[in-house]
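Visitor: I'd like to learn how to read a protein structure, one feature at a time. Could you show me?

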Amino acid sequence: MSAPDLLLVLLVAVPAVVGALLVLAGPDGLPARPSAWAGVATLALAALASAPVVLAGAEVGVGFVAGSRWGLEATGPAVLLLPTVLVVATLVLVVAGATAETREPRFTGLMLLFTAAAVLTVLATSLPGLLVGWELMGAASYALIGYRYADRRRVASGATALLTTRAADLGLYLATAAALAGGTDLSLDALAGIEGGWRDVAAAGVLVAALGKAAQLPFSFWLARAMDGPSPVSALLHSAAMVALGGYLLLRLSPLLASTGWAAQTTAWIGAATAVALGAVAVTQTDLKLLLAASTSAQLGFVVLAAGVGATAAGTAHLVAHAAVKALLFLVAGAWLEALGSKRLDVLDGAARRWPALGALAVAGLLALSGLPPFSLWGTKDAVLAGAHAESAALYAVGLVATVLAVAYAVVALVHVAGPPADPRRVPAAEDREEEATGSVPARIPAALAPLGLGALVLGVLALPAVLDRLPGRVPAEPSLVELVGSSALVVATAAVVAALVRRSSRRHSRRRTGRVVHGLRGWLHLEAATHLVLVRPTMRLADAAARLDDRALAPSVRAAAAAVLGVARGTARVDDRVLARAVGGVGSAGLRAARGSDRADTGTDRAVHGVATALARAGRAVRRSSASGQLHHYYLQQVGLLLLVLVVVSLVVVIGSPR
């Protein structure tokens with residue numbers, strides 16, 4: 001095994017093992033600050049090691065089930081996504097270490113597990129490896145969103161995110177079944193070659209799973225609930241892991257979508273619709289983190305659109321640029337939340353002026369998010385729109401509407417944070433704030449965010465024709481000069497109009513009740529309520545009916561059968577005691593004397609066997625208690641342990657079994 005191949009395995013295994021050790025150490029096992037810096041060092045070394053891995057195009061694999069291979073490879077979109085995930089995760093952990101709560105060993109360990117799962121998802125070459133990374137990423141996200149486990153709402157938000165994405169994840173299992181039924185192996189590259197209707201089933205399964213993780217319509221609502229997690233969790237989840245990897249999967253499997261004749265077009269329209277609908281949702285938000293969350297769904301809509309029209313190089317470029325911008329903005333929002341005790345936009349008025357270094361980074365991130373030239377998302381977004389224009393004029397028109405909305409929500413936030421200081425009459429009293437305000441921003445935060453700010457400024461170079469043509473993926477069309485000039489003029493004009501409207505609204509301090517449309521948009525299109533109405537309530541009613549059937553019909557019959565069996569057993573026991581035992585007793589007494597010597601020789605073996613049996617019984621009782629508790633975290637703790645065991649064993653097999 002070559003050095004890059006070995007590093008490829010270690011990029012997954014080392015963060016996973018270090019993360020598991022930190023989680024298992026418990027709150028009193030390790031000091032917080034050294035644990036936090038250990039997590040930073042682990043990911044920083046992994047980020048450095050990713051360079052030779054992607055330059056060498058490292059690839060490893062061993063035989064696995066159903067003729068497939070368990071493999072990892074740093075090719076295709078992973079060439080850009082792998083270092084992006086690791087660099088962003090490193091910077092997020094640096095910022096997290098500035099706060100007492102998020103530098104605890106448990107938090108650092110969970111973030112390392114989350115990152116390891118994301119790296120495995122990016123590098124996997126087959127469905128089994130992808131499923132392990134996908135599942136571990138979901139379990140870790142549940143633990144991180146509900147990290148403040150004493151708060152019932154935060155735990156419920158984690159459960160909402162988990163159950164929503166978990167329901168969509170069943171699509172990957174459907175795709176795996178379709179691949180097996182279609183007679184192909186389970187490698188990702190082979191899915192486009194599935195014969196017959198099974199290829200359509202596989203495409204549908206992949207599409208549903210990816211849309212769920214990417215928070216696209218109709219799954220978008222879980223992203224709002226994910227905002228209840230600590231800000232570093234939001235920063236990583238929204239930028240380079242979880243949500244972003246839903247878009248990545250569609251880019252990775254774009255050939256499968258195109259091979260069906262319907263999946264690619266469906267994907268493109270869902271992405272375009274999400275970019276518009278969630279862009280409108282973002283414009284109406286009064287909470288900075290919720291605005292950024294809705295904008296994540298909208299911006300990932302451009303990535304999904306790119307996967308649908310086959311502009312995979314542009315989609316990858318947009319995904320990387322968006323990761324830098326969104327990690328920057330969420331970490332800034334978290335710093336202001338701690339300093340001011342709120343993330344309401346009216347409380348954040350003038351925050352950029354109060355902390356100039358952090359404010360300059362926030363302004364750069366918001367200008368990039370707006371798509372204003374020459375910032376990063378301007379070029380990558382127009383590269384995606386060029387691919388859409390080559391496919392359909394209607395898709396291009398919808399993409400332009402999404403562009404206008406992107407300018408609007410970015411400028412709404414920009415006018416608030418970069419404008420005059422907040423009106424003291426509108427600042428919430430101390431008892432109404434979300435958190436206790438510290439009044440300061442740690443010096444390490446602007447320093448850690450500087451690389452992300454630089455990315456927001458310069459990553460637009462990925463969309464330059466000379467660079468875009470060299471990126472992995474297809475470039476069906478490049479933006480023309482007319483498209484670039486027209487898009488830029490549209491962005492600048494929209495920014496001017498929206499800024500004027502927001503300033504006028506702020507001066508009037510309008511207290512009018514919001515209309516029904518604005519109320520619906522601010523409530524994320526009431527998607528969560530609709531899901532409860534259509535799915536959750538009927539499912540709970542069905543479960544209640546099944547429980548009543550079990551209690552009133554099945555349980556009595558089972559108890560009657562058990563009583564009958566017990567009666568037969570008692571009768572058999574009496575026959576055994578009164579008849580058979582006397583007959584056997586005579587013969588047994590003669591053999592007993594001969595057996596005593598043998599029993600003494602076997603005493604040591606018996607003790608060992610009984611010791612193993614006792615240990616297994618205790619382990620079984622522990623598993624039974626946790627499985628019967630009804631608590632999701634007990635179940636997912638077992639799953640995380642199992643997945644880690646599988647990951648370590650397979651990694652060892654890869655290292656030992658690969659040719660020297």
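Visitor: Is M242 buried or exposed?

Guide: Buried means under 20% relative accessible area, exposed over 50%, and partly exposed in between, using a 1.4 Å probe and protein chains only. M242 has a relative accessible area of 0%, so it is buried. Bear in mind that this is a predicted model, where local features need pLDDT of at least 70, side-chain atom pairs count only at pLDDT 80 or more, and totals for chains, interfaces and linings use all residues. Residues are numbered from 1 along each chain as its sequence is written, and side-chain values use heavy atoms, with hydrogens and water left out.

Visitor: Where does M242 lie?

Guide: Helices are DSSP runs of H or I with at least four residues, strands are E runs of at least two, and both are numbered from the N terminus. M242 sits in the loop between α9 (231–239) and α10 (243–252). Its phi is positive, about 60°, although M242 is not a glycine.

Visitor: What is the phi of W524?

Guide: W524 has a positive phi too, near 55°, and is a residue other than glycine. Look for W524 in the loop between α22 (516–522) and α23 (527–601). At 5% relative accessibility, W524 counts as buried.

Visitor: And which residues does K343 touch?

Guide: Contact means heavy atoms within 4.5 Å. Leaving out residues up to four places away in sequence, K343 touches T286, D287, L288, K289, L337, L348 and E434. K343 is in the loop between α14 and α15 (351–354), and with 13% relative accessibility it counts as buried.

Visitor: How are two packed helices described?

Guide: By the angle between their axes and the distance between the axes. Axes are lines fitted to C-alpha atoms, for helices over the stretch in contact, and angles run from 0 to 180 degrees between N-to-C directions. Here, α14 (residues 312–340) and α19 (residues 444–458) pack at about 150°, with axes 8 Å apart. Angles over 145 degrees count as roughly antiparallel, under 35 as roughly parallel, 65 to 115 as roughly perpendicular and the rest as oblique. So α14 and α19 are roughly antiparallel to each other.

Visitor: Which residues of α14 and α19 meet?

Guide: On the α14 side, A324, V325, A327, L328, L331, V332 and A335; on the α19 side, I445, L449, L452, G453, G455 and A456.
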